[in-house]
Each structure stands twice: as C-alpha cells, then as structure tokens.
Amino acid sequence: MNLRNSLLAVLVAVLWGLNFVAIDIGLHPGGEDVPPLLFVAMRFVLVVVPWIFFIRKPDVSWKAIIGVGLFMSAGQFGLLYLAMALGMPAGLASLVLQAQVLLTVLLAAVFLGERPGPRQLAGVVLGVAGLAVVAVGRSAVAPLLPFLIVLAAALSWAAGNVIARKARAASGLGLVVWSGAVVPLPLFGLSLVVDGPGAVLGTLGHLQAPTLLSALYTAVFASLVGYGIWNRLLASHPSSAVVPFTLLVPVVGMGAAWLVLAEIPTPTEVAGGLLLLAGVATAVVNISRRPPQRPVVEPLPDLGDGRRAGADGSLAGGRVPGAR
C-alpha cells in the first residue's frame, strides 16, 4: 500500500483501540453502571439511524445480513460489553478479542473449505498458548468468567467474518448499516429480561453525558468511519497487506487504558499477550520476500536465413510476410 493508505489503516487501528476505553467510560459513568445489553442496543440505533435511509441495501441475501448482524454485531458486542461490565479491563479486552483472527482461520477451514497452511496453523498454536498464559495471569488476580466471555465474543466475531466472506458484499459499509438493524430490538428485549424494566427505563430517563458521548464515538467513529475505511482498503488491496494493521489495535487499546484508566497489566498477562500477538502475526502477515521471477525466455529457433521467429509468430529481423 502507498503511504496514504497505510496511514488510513493506522487511523482505523487507533479508532478501534480507543473504542475499548470509550466503552468502559460509557458503561461506568460517574461510578454508576449502565446495563450492557441496553448500551449495545443504543450504539446500533446510532449505527442504523439515519444512515439506513441513505445507504442502499447490499446485494446479498437477507440470510447473510441477519447472520452478520447476529454474530458480528449482536453477539460480539453484546458479549464484549457484558464482559467489561463484569470487570474485564478495557486494555486486556482489546488484546483477547484479537483471538478472532485465529478463530476465523479455523472456522473458514471448516465451513468454507479454506485449508490453512503450515504458517497459519503455527500461528493458531502460538495464539492458543498465549491465550492460556493470559488466562492463568487473569485467574490469579480476578475472576476468569469475563475473560471467557470475551473469548466467546471473539468466536462470535469470527463466525460473522465467515458469513460476511461467504456473502462477498460489494458495499462493506452497507453491510455494517443494514446488518446493524438486526441488533437493537433483540438486545433491548434481552436487557428488559436480564436487567429488569426499572433499570432499563431508569437508565434511559437519566442518560449521562459520558454514556451518550461513548455511544456516539463507538457508532460513528468505530463502526461507520472505521469500517468504512477498512472495507475500502480491503476492496483495493490484498488482505495480507491490510489485516496485519489490526495488530496495532491492542497496542493502542492497552496504551490508552493505561493512560486514561490507569490499567496496568500483570507481567504474566503481558507475556501471554505478546505470545498471542506473535501467533496472530504468524497467521496473517505475509513474510515472503522472494522477488518476482522473470519469465524464462526460450531461445528463438534459427530459421536458416538469419531471422528468428518471435513468440507471437512474427519474424525478428525482418517483416512478417503479408504484414502492412
């Protein structure tokens, strides 16, 4: 990619990394707790309205749109917000969620027949080892349940990736907006059941500025702007040139969480995180450095009169008979 597009990819990684801090701030405004499923429903209302009235439906089946909405949006973010509401640190969540890259490789092999190569399998093994180390470090200082819920969110994202890849929508932004319409009503209903009508109505009746600003950031910058740029880059460049920039997301996320939320990971979590990122890098970064091979030029046959036949049937060193 050229410098401009590389900087755009870095911008997306920064927007997505800061997204985790924005979510944490919105979930805990002024020391209070916002119901996480309600918060996701609010986010996707802003993703869908008013944009769905101006962006055409992508040329894919409704089954694909619903599948992406349920797995990539409702499942991923519903579980992520729930885990963060239960105490998963924002920075660590940005790291563990990158397991979606490895899980996508495995699901694509099962459901799309995309057989992973030796390098991808080695990356999966490294990533799983890193996740195990992070889990050990997390269980030593906090409950393991939020960590497992983030892993479930990564699995849901990976399933959405496979559905989106199979659908091959021409408009990535259109797929984000139209599939986002699947999210608000089911998660609002789940929030009513899980949190109770009193908590839901109380939150909606007394929305605080941090929650509103967080919802706006996650909807506009993380979803619409971020995915808009990202899908445009994927449409014009090989995925091997674009996807590795996601390795910057946990770097930004953990750095921002350290500066803004004073989150400091344990040495074990750092070691496991580095191992996980090494696995992701091994799986997605194209490490081939072989220069393109020049085509082999066969010697031209001697026609006996000092001329040689060209590859297209013409005669080098003289005119083609009948040519004008």
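User: Which residues make the nonpolar surface patch of about 590 Å²?

Analyst: A quick note to begin with: this is a predicted model, where local features need pLDDT of at least 70, side-chain atom pairs count only at pLDDT 80 or more, and totals for chains, interfaces and linings use all residues. Residues are numbered from 1 along each chain as its sequence is written, and side-chain values use heavy atoms, with hydrogens and water left out. A patch is built from residues with over 30% relative accessible area and no salt bridge, joining like charges within 9 Å and nonpolar side chains (Val, Leu, Ile, Met, Phe, Trp, Tyr) within 5 Å. Here the nonpolar one is made by I25, W258, L259, V260 and I264.

User: Which helix gives the most to that patch?

Analyst: Helices here are DSSP runs of H or I with at least four residues, strands are E runs of at least two, and the numbering goes from the N terminus. V260, for one, is found in helix α13. With three residues, the top contributor to the nonpolar patch is helix α13 (residues 248-261).

User: Is V260 buried or exposed?

Analyst: Buried means under 20% relative accessible area, exposed means over 50%, and partly exposed is in between, using a 1.4 Å probe and protein chains only. V260 has a relative accessible area of 52%, so the label is exposed.

User: And V150, buried or exposed?

Analyst: V150 is found in helix α7 (residues 145-167). Leaving aside neighbours within four places in sequence, V150 is in contact (heavy atoms within 4.5 Å) with L80, A83, M88, A93, V96 and L97. Its relative accessibility is 0%, so V150 counts as buried.

User: How many aromatic pairs does a search of the whole structure find?

Analyst: Rings of Phe, Tyr and Trp (its six-membered ring) pair if their centres lie within 6.5 Å; planes under 30 degrees apart count as stacked, over 60 as edge-to-face and the rest as tilted. Ring pairs also link F39, F44, F77 and Y81 into a cluster. Searching the whole structure, the count is six.

User: What kind of pair do W16 and W230 form?

Analyst: Both W16 and W230 are buried. Their ring centres are 5.2 Å apart and their planes sit at 55°, so the pair is tilted.

User: How far apart in sequence are the parts that the W16 and W230 pair ties together?

Analyst: W16 lies in helix α1 (residues 3-27). W230 lies in helix α11 (residues 209-236), so the parts tied together are apart in sequence by 214 residues.

User: Which ring does the charged end of K57 sit over?

Analyst: A charge sits over a ring if NZ of Lys or CZ of Arg is within 6 Å of the ring centre and within 35 degrees of the ring normal. The charged end of K57 is 5.1 Å from the centre of its ring, which belongs to W62.

User: Which residue forms a salt bridge with R138?

Analyst: A salt bridge is a side-chain nitrogen of Lys or Arg within 4 Å of a carboxyl oxygen of Asp or Glu, and a search of the whole structure finds two. For R138, the closest N and O atoms are 2.8 Å apart, and the partner is E269.

User: Where does R165 lie, the residue whose side chain meets E114?

Analyst: The side chains of E114 and R165 meet in a salt bridge, at 2.7 Å from N to O. E114 lies in the loop between α5 (99-111) and α6 (118-141), while R165 lies in helix α7.

How values were computed. Accessible areas come from the Shrake-Rupley method with a 1.4 Å probe; for residues, only the protein chains shown count as cover.
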